[in-house]
Amino acid sequence: MNPRLGNRDSGFGIRTFLRRALLIAVSAGAVNVQAQTSATPAKLPTELSNIHFNSGQSVVPYFEGWIRNPDGTFDLVFGYFNRNWQQELAIPAGADNTVELGGPDAGQPTFFLPRRQRFVYRVRVPKDFGKKEVVWSITANGRTEHAFGSLIREQEITERVVITNGGYDPGLNDPNKPPSITVAPIEGAVAGSQVTLTAAVVDDGLPKPRPAPASKTTTSASFGGQVNSSGGAPRLAGLTVSWLQYGGPAKVRFDSAGPISVTNGQALTAATFTAPGTYQFVVSATDRAMTTRVPVTVTVRAPAN
């Protein structure tokens with residue numbers, strides 16, 4: 001026997017054996033995966049972040065943290081995240097919008113604007129609240145979401161966190177003070193008619209206003225003539241006022257979307273109430289670093305026949 005031939009045949013046999021063993025292992029794995037797939041349905045992601053849903057999604061209440069009050073009580077602070085990009089929902093207090101402590105109507109928002117709204121609602125609890133929980137539940141578009149508020153040490157925040165919209169800098173060397181805002185009484189509002197809303201704002205002038213950056217638009221000469229732009233309205237510099245609808249029987253239409261510039265100490269806008277009833281707002285004034293929020297209630301009567 002040729003020793004080289006014998007060695008080559010022996011190597012060929014080993015390679016064949018290993019090849020067959022590998023095929024058997026792969027086949028067994030495929031069968032096992034197929035069995036698992038047929039027995040257990042695939043888990044789908046709860047949300048695809050790169051897909052924007054205009055409507056049909058849930059509203060998620062958020063527990064932002066808790067604040068110690070000077071009298072020993074505590075404020076549990078909540079916000080919400082309306083997953084929809086366009087759909088605004090009116091959900092009255094009740095089975096679909098309830099707060100377990102003192103509910104179902106504990107003063108929680110009943111109108112939900114799109115996307116994330118922070119620090120919009122508080123629940124005050126007594127000194128001896130201990131390890132209890134406040135549960136806020138919202139059902140929207142057939143799905144129920146919950147937020148659980150409790151006095152967990154790691155979730156303690158301060159008023160400055162709220163004023164700075166989430167900033168945790170204690171501000172020991174910050175001379176800036178939050179603006180103050182006063183909303184003129186809104187009387188004689190009639191459904192279907194426009195009413196002027198006036199907010200007076202006083203501020204210390206800090207931080208110094210910076211000029212708004214110019215919008216940059218560049219055009220590529222590549223295929224399709226792609227245009228790259230920051231898009232949207234330019235960001236306003238200096239003091240601004242915003243109206244956030246908190247409750248009401250129907251959507252309120254404002255003549256200008258987004259923040260309103262403060263001119264000569266005032267921010268003016270016009271609003272149209274589409275239905276009679278009681279409406280609640282959170283009106284905020286910001287100097288870009290600190291924000292002051294005040295509640296406003298408007299009673300709207302039906303038009304005379």
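Predicted model: local features only at pLDDT ≥ 70, side-chain atom pairs only at ≥ 80, totals over all residues.
Helices and strands here are DSSP runs, numbered from the N terminus. With that naming in hand, β18 turns out to give the largest share of the lining of the second largest pocket, namely seven residues.

Sorted by class, the lining residues of the second largest pocket come out as twelve nonpolar, six polar and three charged.

The largest pocket, for its part, comes in at about 980 Å³. It is lined by 35 residues, with Gln-117, Ser-242, Gly-258, Pro-259 and Ser-284 closest to its centre. Here the largest share falls to β13, with six residues. At least two lining residues each come from β6 (115-125), β13 (240-247), β14 (252-254), β17 (277-286) and β18 (291-300). The class count for the largest pocket reads 16 nonpolar, 13 polar and six charged.

Next comes a sheet. Three strands make up an open sheet in the order β4-β7-β8, and the pairing is antiparallel. β4 (97-99) and β8 (143-149) sit at the edges with a single partner strand each, so one side of each has no neighbour in the sheet. From one strand to the next, the twist averages 10°. β4 and β7 (residues 134-140) run antiparallel and are joined by three bridges. Across from Val-99 stands Trp-136 of β7.

A few backbone spots also deserve a look. Most residues other than glycine have a negative phi, and most peptide bonds are trans. The bond from Leu-206 to Pro-207, however, is cis, with omega near -10°. Pro-207 belongs to the loop that connects β10 (194-202) and β11 (217-219).

Two non-glycine residues with positive phi are worth noting as well. Asn-165 has a phi near 60° and is placed in the loop between α2 and β9 (180-183). With 38% relative accessibility, Asn-165 counts as partly exposed. Arg-288 has a positive phi of about 85°, and its place is in the loop between β17 and β18. Arg-288 has a relative accessible area of 34% and is therefore partly exposed, since that class lies between the 20% and 50% cut-offs.

Conventions
Residues numbered from 1 in each chain as written. Heavy atoms only, no water. Pairing = 2+ DSSP bridges. Helix = DSSP H or I, 4+ residues; strand = E, 2+ residues; numbered from the N terminus. Axes fitted to C-alpha atoms, helices over the stretch in contact; angles between N-to-C directions. 1 Å grid on protein atoms, 1.4 Å probe; cavity = no way out; pocket = protein on both sides within 12 Å on 5 of 7 lines; lining within 4 Å. Points joined across faces, edges and corners; volume = space filled by probe spheres on them. Nonpolar A, V, L, I, M, F, W, Y, C, P; charged D, E, K, R; others polar. Buried < 20%, exposed > 50% of the residue type's maximum accessible area, 1.4 Å probe, protein only.
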